[in-house]
Amino acid sequence: MIINHPLLGPRDAAEFVYLGDAALIDRPDWQAEDAAAQFHAYGYLRDNPAGAHRELWYHEQGDRSWLVVTRDTLTHEITQVELARDVARARGRSK
Amino acid sequence: MAEFKLQAEPPLAGTDIQMGETRLTAPKDLAVVAIALPLGGEDKALKAIKVAYGIALPGPGLSAEAADGSTRLMRTAPDQALAIFTRADPDAEKVVAEALGDTVYLTDQTDTLCALELSGPGARAALERICPLDLHPQAFAIGAAARTVMEHLGVFIARTGEDSFLLLSASSSAGSFLHAVETSLKNTN
Amino acid sequence: MSQQNRIEGGLVNRAKPLKFSFNGKAMQGYEGDTLASALLANGQRLVGRSFKYHRPRGIFTAGSEEPNALVHLRTAAHGEPNTRATMAELFDGLKAKSQNHRGSLEHDLMAVTDFLSPFLSAGFYYKTFMWPKSFWEKVYEPAIRAAAGLGALSMKEDPDTYDKGFLHCDLLVIGAGPAGLAAALAGGRAGARVILADEDFLPGGRLNAETLEVDGMPGAVWAAQAMAELASMDNVRILTRTTVYGAYDHGIYGALERCTDHLADAGGKPRQVLWRIYSKRAVLAAGSTERPIAFGNNDRPGVMLAGAVRAYANRFGVAPGREVAVFTNNDDGWRTAADLVAKGVDVRAVVDCRDAEPPVSLPGVRHVRGAAVVNTVGRKGLKAITLTNGTTIPVDCLAVSGGWNPNVHLTCHQRGRPEWRDDLNAFVPGGVLPVGMAVAGAANGSMTLSAALAEGRAQAEGQIEALGFTPAKAEAPKAADEPRLAAAFWYVKESTKRAWLDLQNDVTVKDVKLSYQEGFRSVEHLKRYTTLGMATDQGKTANIPALAIMAECTGKTIPETGTTIFRPPYTPVPMGALAGRSRGKDFRPYRLTPSHKWAEANGASFVTVGNWLRAEWYTREGEKGWRDSVDREAKMTRESVGICDVTTLGKIDIKGRDAGAFLDKVYSNTFSTLAVGKVRYGLMLREDGICYDDGTTARLGENHYVMTTTTANAVLVFRRLEFARQCLWPDMDVHLISTTDGWAQFAVAGPKSRDLLRKVVDKEFDLSNEAFPFMACGEITVCGGMPARLFRISFSGELAYEIAVPARYGNSMMGVLVEAGKEFDAVPYGTEALGVMRIEKGHATANELNGQTTAHNIGLGKMVSQKKECIGQVLSQRPEMIREDAIRLMGFRPVDRSKKLIAGSHLITKGEEANMENDQGWMTSVAYSPNLGHSIGLGFIKRGHERKGEIVRAVSPVHGSEMEVEIVSAHFIDPEGERLRG
Amino acid sequence: MRYSAFKIFMEGLTGNKGWKAAWREPDPKPEYDIVIVGGGGHGLSTAYYLAKEFGLTNVAVLEKGWLGSGNIGRNTTIIRSNYMLPGNEPFYELSMKLWENLEQDTNYNSMVSQRSILNLFHTDGQRDAFVRRANAMFLAGADAELADARQLRRELPFLDFENARFPIKGGLFQRRGGTARHDAVAWGYARGADSRGVDILQNCEVTGFDIENGRVKGVQTSRGAIRAKKVAVCVAGSSSRVMSLAGMRLPIESHVLQAFVTEGLKPTLPGVITFGAGHFYVSQSDKGGLVFGGDIDGYNTYAQRGNLPVVEDVAEGGMAIMPMIGRARLLRSWGGVMDMSMDGSPFIDKTHIDGLYFNGGWCYGGFKATPASGFCYAHLLAKDEPHPVATQMRLDRFLTGNLIDEKGVGNQPNLH
């Protein structure tokens with residue numbers, strides 16, 4: 001597979017390490033009332049769709065950016081690649 | 001005191017292999033310092049770099065030589081670059097610190113990395129066996145830089161001339177790194 | 001035998017005769033021959049035996065689809081089983097032998113299976129060999145296994161080398177037949193970067209095998225001219241002897257170039273290169289494969305595909321027989337007859353199943369209309385054929401044409417499905433192709449030469465236009481349309497003898513019908529039940545006729561019946577090529593510690609730790625075994641001082657205004673409060689609350705920390721830190737960079753360590769306990785101004801330091817430390833002594849922190865802060881993970897001190913039976929403690945912290961061992977930690 | 001129809017005209033006591049044991065394609081019970097015992113071949129972990145044997161002992177481990193279940209569950225609605241998709257595991273061999289092909305195909321331990337979609353919906369589990385309580401923290 005890195009252009013997926021569902025960015029509030037349940041869902045339950053999947057890839061053998069890649073799990077077609085840091089900020093994560 | 005003296009033994013020192021018209025050497029006394037751009041302090045840092053080196057910090061996937069030719073700046077990550085220059089003493093970080101002050105965070109990488117220079121008409125054919133990147137002259141212009149994986153090793157590669165390339169890889173695996181490049185040369189020559 | 005079947009013409013170089021041997025028989029061929037063409041030239045018809053019935057078999061095709069002519073090429077360690085004679089390029093001195101027979105090829109004892117075939121029908125083995133039970137592994141299976149398989153490996157290390165590489169192009173053209181050449185010319189002339197790959201050593205495809213003309217010249221000549229033009233273009237790369245074997249995601253293709261297989265000796269160069277081709281676009285011009293018609297005894301040596309017969313005659317100047325008949329269901333078969341006649345070969349008859357006028361007029365050749373071949377005679381070589389009309393015709397070669405199948409394989413590698421075309425009686429590429437691929441020529445069902453040329457060019461132009469190139473204006477090559485009418489005729493119903501579909505695996509028409517009868521009706525069931533298409537040729541000639549017969553049984557159409565999925569590789573790829581250089585010592589890179597050379601020179605033996613080589617101990621003269629060395633090293637360290645290269649521990653430079661706050665999040669304990677110049681032990685959890693890594697982190701400046709990780713986890717921790725930095729807390733000003741390799745770091749441990757260091761550390765740095773206490777750190781200089789870092793940390797439990805210098809000085813530093821330590825009898829020590837001392841001290845390492853361990857298990861539950869946010873804190877509090885009766889890390893010693901503990905023993909409460917229900921825990925690490933004089937161990941046991949002093953059983957049934965052990969504190973030495981603070 | 005050597009002989013004499021279809025092709029009935037969703041190995045063995053052990057035959061197995069078209073037909077056919085943790089090992093040992101009697105039980109030769117499995121180790125740490133594992137196997141009634149490098153050199157002289165990057169220090173044998181003919185396992189169970197009255201409905205895809213008031217009433221299928229008292233889902237590779245029809249999210253990701261076979265070779269390998277310092281395991285089929293595999297590709301996918309890097313990684317592992325296979329050619333590759341669970345261990349459990357049961361999460365170890373999975377699932381379905389060896393294979397274990405993580409890599413499915 002080839003991942004079109006938003007800064008570096010197309011790179012072989014072999015340079016990357018896969019983590020999984022991009023929902024892992026949305027780490028729950030550790031002080032929430034139901035933190036245990038939230039962390040259980042965060043850590044263990046997955047949509048696992050057959051189709052478009054937003055997922056985290058790490059350019060370990062490249063610039064070490066974490067990327068959010070939107071990829072179809074049936075065809076492997078990649079439709080969007082974003083810097084995970086931008087995605088995280090857009091989803092309200094900060095310090 | 002100085003009862004005891006330490007000797008420098010850089011891992012690839014003295015490497016000089018010629019095959020046909022293509023040559024593989026280890027540049028002498030190459031110093032490498034990583035420059036990190038502070039979050040929120042990028043503008044200040046970039047300005048300082050421009051002042052110190054006479055060039056703007058190259059963008060992602062690029063490297064460039066300072067105006068005076070002393071230093072190559074290689075962008076390695078959105079917020080990180082390498083300054084590569086010649087310096088024998090183990091104080092490369094200080095040299096860059098003097099240039100950039102506290103506008104950036106610095107980490108000496110001179111001993112973390114080791115370097116090889118491959119140049120000559122057979123360079124591309126040799127690299128083709130280990131480097132997944134497209135090194136065609138049009139695709140990888142002079143100055144282009146990247147980090148990728150070659151024979152299981154992380155390698156920075158920069159095109160420094162018409163058919164010359166600078167390669168940097170982890171110093172602990174220097175022997176395997178040299179072996180990989182040298183084998184490529186042998187297999188294609 | 002001297003090339004008695006060689007005839008005039010062809011593209012072989014008669015000026016270059018080549019000697020070779022088959023089964024020890026000396027023969028001769030020419031440069032430009034394949035082994036198959038040379039064998040045929042020498043009249044060698046019988047070349048192998050089939051898989052199941054050991055039927056005598058001859059050469060069937062002239063290409064990579066060959067099911068029969070598999071030989072063992074070369075000898076000894078260079079021996080290469082299952083090599084297609086049709087693809088093996090002849091070289092001087094080639095040695096080949098036949099496979100899969102007991103006794104000689106001519107008299108194979110295993111041929112008895114052929115006579116038992118009524119009892120060996122498809123799937124028979126699922127119904128028997130079950131009694132008596134023990135006979136399967138002892139009797140039946142060994143017999144089956146010995147009979148099965150084809151060729152044999154030499155069982156010696158492959159002596160050749162292999163390489164890999166990466167190629168990039170705008171347009172990849174697969175196949176250098178007419179369509180491929182037209183495509184490559186179009187791409188090349190437009191200035192696109194083109195790669196043209198062809199599996200043959202002579203580009204041209206069928207142009208070399210036919211007598212067709214292009215632009216008024218023989219096809220082969222036109223092909224050679226096209227190749228010459230392509231070779232002159234800088235932007236075109238030609239790969240002959242290169243099979244594009246797989247289409248992978250996003251335009252990546254796998255290709256195998258056979259670089260030296262056509263040479264007697266590889267000359268030190270890689271035998272083959274495995275290319276990963278990154279293409280923006282591709283044109284698949286892989287041509288088509290002829291299929292046979294099934295009839296009684298259609299597998300005899302001498303029965304060949306008609307196109308192959310033509311190829312041997314036209315390209316190689318070989319007549320596969322002296323008296324030839326053609327059996328065809330289509331016009332193309334007639335070309336074989338016509339070409340042979342033109343070459344002066346005696347064509348006895350053309351049997352056409354169609355009751356129609358012939359497409360060409362061949363005076364003197366008997367035309368049998370509307371008939372079929374029903375049976376053949378000649379066990380080891382065809383002697384005659386019998387027709388449905390009862391006629392028998394003596395022939396020694398029968399050319400069979402059942403029509404052509406487009407080579408759609410690569411179009412299906414991403415699970416695209418081919419589509420059926422009734423007019424062709426064949427599958428063509430379906431609507432869903434791999435990204436960026438277009439198909440041209442026969443591979444796309446464009447079966448005539450003119451269509452192939454036109455489509456090759458058009459598809460290539462379409463592809464490169466999409467990339468922004470402008471096609472060059474050039475004359476289109478001209479060719480005639482050859483007649484291509486064909487009938488859907490798959491097998492001869494009148495045949496009562498076995499009619500073969502899959503020649504290699506011996507699957508017959510009856511087997512397909514039996515498969516239907518027994519309910520195995522889906523095409524996948526058919527394949528799996530009968531083994532159809534599972535042989536080395538992947539059913540290239542067999543699958544479609546079998547499918548047609550199954551369709552007939554089920555009453556469905558062929559496309560309704562389905563097609564099996566084509567998967568990579570298109571043709572088999574050697575394991576050696578897929579591995580490339582990554583084998584032997586080059587399997588993975590070596591990482592060497594900075595003091596490696598010193599260690600080598602000073603008696604070290606080395607152990608692999610991940611990719612690192614570390615000194616495990618240093619042997620001194622007179623030491624009889626490793627234990628002597630390790631005991632000495634551990635003892636001397638505790639008595640005086642020892643030195644160990646600990647560079648392999650991961651080091652991460654962490655800088656930024658938020659570095660401290662960041663560490664608070666990734667460690668379970670707090671680091672933002674750590675004073676500059678101090679070190680703290682940190683425990684890192686995974687998000688699921690399990691211990692992930694531990695190490696010490698030092699604060700060297702307000703915004704500067706240096707984290708140490710375990711050797712094994714250095715890369716993984718870095719990755720997780722980057723995840724935390726970029727994805728979880730993206731607005732923290734924190735920067736990470738690895739400095740593992742940059743600092744040569746040495747543990748200097750033992751009561752004399754301070755004294756030793758005072759000799760190398762520059763005088764201005766005060767090393768006194770007051771100025772530099774336990775857990776202090778600082779940037780210092782050594783040996784007269786050399787920058788260094790000093791950490792007062794201890795893994796051994798002794799007064800100890802770790803000192804780091806730039807790595808290039810590491811080798812020298814090791815020597816300096818040992819030299820400076822001479823007066824204290826300082827010893828260098830390796831990982832074994834390090835391990836002994838850490839067990840004596842009760843430190844958990846990888847054996848304990850194995851990814852299943854909670855902080856609670858190792859007694860550090862309180863270290864997981866619940867007051868600040870950190871990774872793993874919430875899930876670490878799940879009820880099952882903080883159970884009171886959970887396993888705890890404890891020390892163990894044998895009740896009989898002379899006994900040796902065994903790591904991996906399980907712990908059973910005294911008086912209870914040793915079974916899984918009573919399993920209380922296990923011993924994780926053991927060592928002989930030279931300081932205590934007996935074996936000690938660490939391990940996990942339920943409620944261990946409440947059981948100190950209890951005697952339990954340590955059982956290791958796999959060793960047949962059991963002993964009583966006492967549960968003790970894990971801190972065998974200096975439990976109060978007085979030494980390290982001293 | 002009972003299979004026997006005599007029957008083969010008689011049929012051989014009479015042109016093999018008398019063989020009957022191995023199973024019926026029935027139409028769906030409107031209602032069954034139990035509907036099993038998924039006609040792969042586990043579904044078919046569940047049906048078989050429901051019928052045979054519990055006398056429950058008003059059962060249908062619903063298969064969206066052809067029976068055995070899932071992972072039972074695309075794996076590397078290894079059977080073993082060399083697990084370590086109490087939540088797993090007794091279960092796999094039960095499976096091994098069922099394998100050992102499978103052919104006689106089903107009257108179908110699934111070629112269970114106990115030619116041993118060997119896991120090589122290359123470091124002392126690995127050795128210690130293998131000793132722990134070997135002893136756990138003993139405690140669960142299984143067999144295990146440690147071999148040092150010297151013994152391996154004698155038994156397997158073709159391994160690379162001289163020039164290895166990661167020297168072989170020894171290995172853990174399970175002599176009772178080995179391989180079985182994967183398709184034949186499915187066929188044997190199917191034939192056995194069918195002959196006892198179970199309806200196997202091929203080309204019958206479940207498109208929805210009928211759930212009323214928290215209780216399952218039946219399923220919607222491509223062949224119409226089917227009512228059922230209990231619905232047992234068993235669709236490895238498609239678990240998330242199917243269970244989402246019932247509104248459930250699972251602790252599972254779908255990944256592809258590639259497997260490979262070489263051209264047929266004369267006897268080369270005695271048993272199953274697993275590399276301990278790379279990704280490679282291999283055995284030789286009765287037909288002579290070296291069947292091998294390695295790591296999963298590592299990204300979520302439902303495409304039954306993989307990519308080149310893993311192919312090369314696996315070949316590298318192979319060449320690293322047995323460099324004599326360099327000239328053996330890889331003939332065919334295929335990919336199976338795996339339910340990768342969050343701790344690498346499976347589930348056999350009830351769901352929160354009454355009457356709806358779930359079996360899945362087998363990662364790439366489902367084949368060896370086929371007999372016990374069916375046996376224990378049948379037990380759960382028949383008695384509504386877990387079989388004693390499958391008590392920990394629960395869906396709620398991530399809430400409680402009772403993990404069964406053999407590899408110790410945590411909640412990252414692609415590392416298991």
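Author: We start with an interface and then turn to salt bridges.

Author: This is a predicted model, so local features need pLDDT of at least 70, side-chain atom pairs count only at pLDDT 80 or more, and totals for chains, interfaces and linings use all residues. Residues are numbered from 1 along each chain as its sequence is written, chains are lettered from A and ligands numbered from 1 in the order in which they are written, and side-chain values use heavy atoms, with hydrogens and water left out.

Reader: How is the size of an interface given?

Author: Often as the accessible area lost when the parts come together. Between chain B and chain C, about 4500 Å² is buried (area lost to a 1.4 Å probe, summed over both parts). Carbon and sulfur atoms give 51% of that area. The contact (heavy atoms within 4.5 Å) takes 51 residues from chain B and 61 residues from chain C.

Reader: How many salt bridges are there between chain B and chain C?

Author: Side chains of opposite charge can pair when their charged atoms come close. A salt bridge needs a side-chain nitrogen of Lys or Arg within 4 Å of a carboxyl oxygen of Asp or Glu. The count between chain B and chain C is 6. R129(B) and D163(C) form a salt bridge, with closest N and O atoms 3.0 Å apart.

Reader: Which salt bridge does R498(C) form?

Author: R498(C) pairs with D114(C), at 2.8 Å between the closest N and O atoms.

Reader: Are R11(A) and E15(A) buried or exposed?

Author: R11(A) is buried, at 5%. E15(A) is buried too, at 1%. Their side chains meet in a salt bridge of 2.7 Å, N to O.

Reader: Where does the pair of E25(D) and R521(C) lie?

Author: This salt bridge, 3.5 Å from N to O, crosses between chains. E25(D) is in the loop between α1 and β1 of chain D, and R521(C) in the loop between α9 and α10 of chain C. R521(C) is partly exposed, at 24% relative accessibility.

Definitions and conventions. Buried area = accessible area lost by both parts, 1.4 Å probe. Buried < 20%, exposed > 50% of the residue type's maximum accessible area, 1.4 Å probe, protein only. Helix = DSSP H or I, 4+ residues; strand = E, 2+ residues; numbered from the N terminus.
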